[in-house]
Each structure stands twice: as C-alpha cells, then as structure tokens.
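Dear colleague,

Here is the structure I said I would pass on to you. Below it I have set out what I found, so that you can follow along with the model open beside you.

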Number of protein chains: 2
Amino acid sequence: MHPIEHLQAKIAASLSNLPIYREPAGLYEPISYTLQQGGKRIRPLLTLIATQMFGGNPDKALPAATAIEIFHNFTLLHDDIIDQAPLRRGRDTVYKKWNINTAILSGDTMFAVAYGQLAGSDPQQLPQLMQVFTKTAIEVCEGQQYDIDFENSGDVTIDAYLNMIRLKTAVLLAASLKIGALIGGAAHQDAEAIYRFGENMGIAFQLQDDLLDAFGDEAVFGKKTGGDIIANKKTYLYLKALECSSPENASALRKWFCTRDSEPQVKIAAVLDLFNKAGVKQHAENLIQDYIKEAMSHLDAIRLVEKARAPLLELLSGMLKRNH
Amino acid sequence: MHPIEHLQAKIAASLSNLPIYREPAGLYEPISYTLQQGGKRIRPLLTLIATQMFGGNPDKALPAATAIEIFHNFTLLHDDIIDQAPLRRGRDTVYKKWNINTAILSGDTMFAVAYGQLAGSDPQQLPQLMQVFTKTAIEVCEGQQYDIDFENSGDVTIDAYLNMIRLKTAVLLAASLKIGALIGGAAHQDAEAIYRFGENMGIAFQLQDDLLDAFGDEAVFGKKTGGDIIANKKTYLYLKALECSSPENASALRKWFCTRDSEPQVKIAAVLDLFNKAGVKQHAENLIQDYIKEAMSHLDAIRLVEKARAPLLELLSGMLKRNH
C-alpha cells in the first residue's frame with residue numbers, strides 16, 4: 001500500500017470507530033451520514049504526515065487528526081445551512097435531507113465529539129493542542145462571519161478578502177500541520193514554521209479554487225465552472241477586476257454582480273469577458289505563485305532531510321495539480 | 001458580601017474578561033449580548049461551591065465554571081432557534097434580534113470559547129475535566145433531540161420523559177458539581193456521589209418547573225402559567241394524567257393536546273381540570289420528593305462537615321423555594 005493510502009486507512013478506521021452509532025437516531029444518523037461521505041481527508045492526512053516528518057509515530061496523532069476531520073465536517077454541516085447549499089459531494093446536505101434543526105443539533109454534537117477525540121491525545125500535550133485547536137475553531141467561525149458580511153457589503157478590499165479566506169480555509173490546514181508537528185515532537189519554531197507554510201498554502205489553494213471556478217476545464221475540474229459568478233461571490237477575481245478595469249467596465253461588472261435572474265450562460269460569458277479585459281487570470285496566477293513561494297520559504301526554514309518532506313509535497317502537489 | 005454573592009462576582013468578572021469584545025462585530029455582539037443577560041449563574045456557582053466544599057480554592061475552578069456558563073448559554077442560543085422562542089429572560093432571542101445564521105455561528109463560536117476557558121484549568125486535571133465536560137455536552141444534545149422527537153411522537157413513556165429531562169437539564173447541573181469537586185480534590189467516589197446528587201436534584205427541579213407551569217402562583221412564579229399546556233408540551237403531568245384518567249378523560253386530554261387554535265384560557269382551564277381529576281399534582285409532588293430524597297442520600301454518603309454543605313444547600317433551597 002502506498003504510504004499515503006496507509007495513513008488514509010488509519011483515518012477511515014478511526015472514523016468508523018467513533019461512538020456515533022447509537023440512540024437517538026435522529027441525532028446520530030446525520031453524523032454518520034456526514035462522516036461516511038468520504039472526501040480526501042486532506043486535513044487529518046496533513047496531521048499524520050506532519051507527525052511523521054518530525055519522527056513521530058502517526059498513531060499518536062490519530063486522535064487529534066480525527067478531531068480535525070470531525071470539526072471540518074461539522075463546519076460544513078452548519079455552513080451548508082448558512083449558504084443554503086442543497087448538495088455536498090454530490091449528495092443532499094443534512095439540512096436538506098433532514099431539516100435545519102437536525103443540522104444544527106447534529107453539528108453541535110459533532111463539535112463535542114471532535115473535542116472528545118482530541119482529549120484522547122497524550123495528556124502532557126493536551127493543553128497545547130487544545131489551545132491551537134480552539135484558536136483555530138474560533139478563527140474559522142470568524143472567517144465564515146466575514147464571508148457573510150462581505151456578501152452584503154459593496155466595499156470589500158482585496159486585503160480583507162485575503163484575510164477572510166485565510167481564516168475560513170487556510171488556518172485549519174495550518175493548524176492540522178502544526179498539531180501534527182507538535183505531536184511529532186517538533187521544536188516550537190518548527191511548529192510555527194509549518195503553520196506558516198500551511199497558512200500560505202491554504203490561501204494559494206483557495207485562490208486556485210476561485211480561479212478554477214471561473215477559468216477551469218470542466219472535465220478536469222470535475223464540476224461546472226461559473227458557480228461563483230452565478231452566486232455573485234466577491235472573490236479575488238471580482239475584486240481585482242474592479243481595481244483593474246476602466247470605469248465603464250467596472251460599473252458593468254458591478255451591475256452583473258447585483259443581478260440574480262439573468263440567463264446563467266450569458267452572465268458567465270459577460271463576466272469572464274470583463275475578467276479577461278482586466279487581466280485578472282494572470283494577476284491571480286501571480287498571487288498564487290507568491291503565496292506558494294512564501295509557503296516554501298517557511299518549509300525550507302525547517303531543517304529536515306529531503307526524504308522527510310516528500311509525502312507532504314506529494315500530497316500538496318496532488319492538490320495543486322487540479323489546476324493544470 | 002454574602003459568600004454566594006462573592007462567588008457570583010467572581011463569575012461576573014470572569015465573563016467580562018472573555019476575549020469576545022472584538023471583530024467581526026456580527027459574530028461577537030450576539031455573544032456579549034447573550035452572556036450579559038445575567039441570570040443567576042446557577043451552574044458556575046455550583047462548580048465553585050463544590051470546589052470549596054472539598055477544601056479547594058474556588059479561583060482554581062473559575063476557568064471551568066466560566067466554560068460551563070458559556071456552554072449553557074450556547075445551548076440556549078441554539079435551542080431558541082429550534083424551539084422558535086422569541087424571548088429569553090424578557091429580551092429578544094438572538095435569532096429574532098439578528099437571524100438564524102447569526103445565531104448558529106455565534107453559538108458555535110461560544111462552544112469553542114467555552115472549551116478555550118476549560119483549557120485554562122490545571123493541566124494535570126484537564127484530561128479528566130475534558131472527559132466530563134464533553135460527555136455532558138453530548139448528553140445535553142441527546143436530551144434536546146429526544147425532546148424534539150417527543151414533540152412528534154404520540155407514544156412517550158414516563159420513563160423516556162424522565163430520561164429526556166435528565167439528559168437535557170440534569171446532567172449539566174450534575175457535571176457542574178462534579179467538575180468543581182474534582183478541582184477541589186474530591187476522591188473519585190465523592191465526585192461520583194455529588195454527580196448523582198446533582199442529577200437527581202436536576203430532575204426534581206425540572207419536574208417542579210413543569211408543576212409550576214401548570215399550578216404555580218403567577219405572582220410568585222414570575223411568569224404566566226399554562227405555557228406548557230398551550231404549547232402541547234408532553235410533560236410528566238400530561239403523561240401521568242393519561243395513565244391515571246378514565247378512557248374518556250384520557251381521550252379528551254389527547255384531543256386538547258392536538259389543538260393549536262383554541263382560546264388559551266379555555267384550554268388551560270379544561271386541561272387543568274383533567275389534570276386535577278387524575279390527581280397528577282400529588283403524583284408530581286411525590287415524585288419530586290422521591291428525587292430529592294435520592295439526591296440527599298448521595299450527598300449524605302460524602303463525609304463532609306455540616307458547615308461545608310451549607311452554601312450548596314442554601315443555593316438549592318433558594319431554587320426549590322420558588323415552589324412554595
């Protein structure tokens with residue numbers, strides 16, 4: 001078995017052994033439905049890989065890795081209510097399949113179950129892991145709140161947007177690595193460095209997702225493009241296009257992002273045309289490269305043999321490859 | 001200052017020093033709004049009192065006590081969405097004053113903030129405290145789910161109802177005491193005994209609330225009676241009345257608990273008449289006394305000087321006095 005598959009199997013086993021197969025069914029069925037949906041388990045993989053990188057046994061990091069995966073899925077469950085998203089990984093979201101109350105309460109339970117898993121970590125390390133985990137959980141909520149705020153604001157700066165995706169997406173990837181590193185015995189400064197690596201990589205991934213959503217090859221991307229445009233999502237592409245467009249084009253773009261009832265393909269084509277005129281694809285690609293470069297500089301600051309970094313870089317390049 | 005007021009002041013100070021006065025305001029304002037609503041802070045008081053009972057310094061229990069109070073308020077915030085409750089302690093509920101999404105996300109953040117406070121406990125004790133806290137949080141969610149399930153079920157047994165209020169209400173009071181006792185240095189069996197004390201007392205309090213809602217003196221009770229009857233809440237009184245009534249009266253009672261559009265005062269009077277014919281007030285009072293007796297037997301099993309128990313019994317008798 002490939003080393004990453006080996007770690008994935010550990011995560012899958014840990015998730016199947018959770019104390020969530022019990023009564024009341026109305027509470028626990030949505031939880032097992034959510035956790036059995038699969039996904040690539042990127043975050044817990046990052047944790048186990050980081051533990052290994054610093055010479056630790058990944059089994060020691062399994063409780064924390066499991067906690068992170070449950071937490072991540074809990075946030076998706078509540079976000080789907082907030083975003084009124086009907087589908088997740090091709091299946092009905094919990095609030096659609098059951099109802100909002102179930103999605104709230106099952107989500108709350110998952111959050112508690114996540115902490116319950118974390119508590120299975122080495123008692124000596126628990127206070128420190130709790131601190132990182134809790135700070136991150138709060139930041140993810142802050143990121144989601146900024147995302148909501150930005151939906152209703154006509155005045156979002158690019159810096160504010162980048163900070164929002166940092167909080168909503170990147171810090172959890174960063175914390176997954178840092179928690180793994182701490183469990184693996186990393187020195188404080190190395191744990192910080194791998195956090196910064198993950199944070200910058202996380203922003204790069206989100207920018208790439210924004211880019212793919214607009215300019216991706218549907219066959220490679222695996223889903224329809226233009227979703228963010230239809231939903232009037234003020235991504236980096238939109239904000240940068242406003243900045244780089246002529247007043248007329250900026251005004252046309254603003255107008256498109258206020259409509260909800262236009263023909264989707266017409267709107268997508270018109271917005272992409274305005275994006276192209278503003279040259280935002282190139283801007284986004286440059287910014288992504290900047291974040292990746294910054295990420296790598298933090299990784300390079302950690303004294304590790306090349307071999308120790310290989311699984312991490314392999315996993316991440318798999319994620320970046322979707323772009324090309 | 002009275003000893004209990006002294007502890008209340010510590011709790012108030014701890015709640016005002018939380019890291020919740022910051023951006024984004026859309027996330028944190030509902031949290032400070034919720035936590036500043038006051039209330040008697042029964043649960044954190046129980047924690048601090050239990051720590052003192054076993055000779056500990058209540059300051060050592062303040063992080064855990066604060067965590068419990070935040071957790072309790074978080075559950076109220078989400079419960080108010082689920083129950084569509086417009087008012088809480090005489091003020092708009094968060095989901096009414098803001099919206100459902102805000103109430104979900106601010107609640108999630110409070111849950112994380114609660115764990116963040118708990119993490120400030122003695123590192124040596126943290127794993128054990130986490131275990132009690134998390135188990136309790138999960139049980140409270142289970143209790144709320146059973147409550148939802150029972151709303152839509154025609155077939156609730158008295159045992160199932162008692163288990164529901166145990167989970168939804170009593171275990172948090174019990175855990176508040178147990179956590180305080182553990183921090184105070186209680187032996188394992190004493191921590192268990194005080195848990196059982198709190199659990200039985202908690203069920204007694206909830207049964208008393210049910211009783212007051214139907215038969216209370218509005219001037220003493222401080223709110224209108226009959227609320228549970230109007231809401232068709234299948235409390236102990238209803239379930240016991242079904243058990244003790246003639247087939248005709250039971251059928252009349254069932255019918256009343258299916259209607260939503262009858263004149264409130266007419267419905268309340270008719271249901272109270274059926275409750276009286278079934279003698280449920282006396283049944284409830286007996287059951288409450290049974291739970292209090294059971295609670296006291298667990299407290300008596302703990303070897304404590306009379307003086308050490310005094311603040312606990314004073315606080316609880318204040319809660320019970322509302323009945324008389």
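I begin with helix H2 of chain A, which is mostly covered, since eight of its eleven residues are buried. Please bear in mind throughout that this is a predicted model. The buried residues of H2(A) are Leu27(A), Tyr28(A), Pro30(A), Ile31(A), Ser32(A), Tyr33(A), Thr34(A) and Leu35(A). Within chain A these residues pack against helix H1 (3-16), H4, strand S2 (91-92), helix H5 (94-97) and H6, and they also pack against helix H7 (126-151) of chain B.

That last partner leads to the interface between the chains. The contact draws on 35 residues from chain A and 35 residues from chain B, and together the two chains bury about 3,200 Å², of which 75% is on carbon and sulfur atoms. Two salt bridges are found across the interface of chain A and chain B, and one of them is formed by the side chains of Arg22(A) and Glu142(B), at 3.3 Å from N to O. Between the two chains there are also eight residue pairs in polar contact, counted where both residues have pLDDT 80 or more. On the side of chain A that touches chain B, at least two residues each come from helix H2 (25-35), helix H4 (58-82), helix H6 (100-118) and helix H7 (126-151) of chain A. The helix that gives the most to this side is H7(A), with 13 residues. By residue type, the side of chain A that touches chain B divides into 22 nonpolar, eight polar and five charged residues.

How are the two copies placed relative to each other? Chain A can be laid on chain B with an RMSD of 0.0 Å by a turn of 180 degrees, with a shift of 0.0 Å along the axis. The two copies are therefore related as by a two-fold rotation axis. The same surface serves both copies, in that 100% of the contact residues of chain A recur in chain B.

Leu211(A) has its place in helix H9 (residues 188-215) of chain A, and with a relative accessible area of 3% Leu211(A) is buried. Not counting residues up to four places away in sequence, Leu211(A) touches Gly216(A), Leu237(A), Lys281(A), Ala284(A), Glu285(A) and Ile288(A). Of these, Ala284(A) is 73 residues apart from Leu211(A) along the chain, and the C-alpha atoms of the two are separated by 7.1 Å.

The other is His2(B), which lies in the segment before helix H1 (3-16) of chain B and is partly exposed, with a relative accessible area of 34%. The side chain of His2(B) reaches the backbone nitrogen of Ile4(B) at 3.0 Å, and a polar contact of 2.9 Å joins the side chains of His2(B) and Glu314(B). By contrast, the C-alpha atoms of His2(B) and Val220(B), 218 residues apart along the chain, are separated by 24 Å.

With best wishes

Terms used
Residues are numbered from 1 along each chain as its sequence is written. Chains are lettered from A and ligands numbered from 1 in the order in which they are written. This is a predicted model: local features need pLDDT of at least 70, side-chain atom pairs count only at pLDDT 80 or more; totals for chains, interfaces and linings use all residues. Side-chain values use heavy atoms; hydrogens and water are left out. Contact means heavy atoms within 4.5 Å. Buried area is the accessible area (1.4 Å probe) that two parts lose on being put together, summed over both. A salt bridge is a side-chain nitrogen of Lys or Arg within 4 Å of a carboxyl oxygen of Asp or Glu. A polar contact is a pair of N or O atoms within 3.5 Å; within protein, one must be able to donate a hydrogen and the other to accept it, and residues adjacent in sequence count only if both atoms are side-chain atoms. Helices (H or I, at least four residues) and strands (E, at least two) are DSSP runs, numbered from the N terminus. Ala, Val, Leu, Ile, Met, Phe, Trp, Tyr, Cys and Pro count as nonpolar, Asp, Glu, Lys and Arg as charged, and the others, Gly among them, as polar. Copies are superposed by least squares on the C-alpha atoms of residues with pLDDT of at least 70 in both. Buried means under 20% relative accessible area, exposed over 50%, partly exposed in between (1.4 Å probe, protein chains only).
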